[in-house]
Amino acid sequence: DKGEVKRLIDSLIQARDPEVTIDSMRKLDFSYIFTLSKRERCEEVELTRSEIEDSWDWRRGNIDSTLRKKIENTIAEL
């Protein structure tokens, strides 16, 4: 569900850079698009349904490496 996906992404963001926030989240047919912001800058990141499904057990530390890398790269761009 959307709430669980948002919590997953938020946990990755907070672990990397607590100043980054999720401004918006859109669900498409096969992906989610998140708009992340830090101060005055915004960046979008698209995460596929398969990356999210592979990270469903994220509370135990099982997070898809591609998903993690996309979030880290987006934060680095901010």
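Predicted model: local features only at pLDDT ≥ 70, side-chain atom pairs only at ≥ 80, totals over all residues.
Local features were considered at pLDDT of at least 70 and side-chain atom pairs at pLDDT 80 or more, whereas totals for chains, interfaces and linings use all residues. Residues are numbered from 1 along each chain as its sequence is written, and side-chain values rest on heavy atoms, with hydrogens and water left out.

Helix 3 (residues 65-77) comprises 13 residues and spans 18 Å from its first C-alpha to its last, close to the 18 Å expected at 1.5 Å a residue, the expected span being 1.5 Å times one less than the number of residues. Helices (H or I, at least four residues) and strands (E, at least two) are DSSP runs numbered from the N terminus. At the start of helix 3, a side-chain oxygen of Asp64 lies within 3.1 Å of the backbone nitrogen of Thr66.

Leu67, Ile71, Thr74 and Ile75 are the buried residues of helix 3 (buried, under 20% relative accessible area; exposed, over 50%; partly exposed, in between; 1.4 Å probe, protein chains only). Because these buried residues fall within an arc of 100° when seen down the axis, they line one face of helix 3, the arc being taken from the directions from the helix axis to the C-beta atoms. The face turned away from this buried side carries the exposed residues Ser65 and Ala76.

The buried residues of helix 3 pack against helix 1 (2-16), strand 2 (31-38), strand 3 (41-48) and helix 2 (49-53). Leaving aside neighbours within four places in sequence, Ile71 is in contact (heavy atoms within 4.5 Å) with Ile9, Leu12, Ile13, Val45 and Leu47.

Conventions:
Polar contact = N/O pair within 3.5 Å; in protein donor to acceptor, adjacent residues only side chain to side chain.
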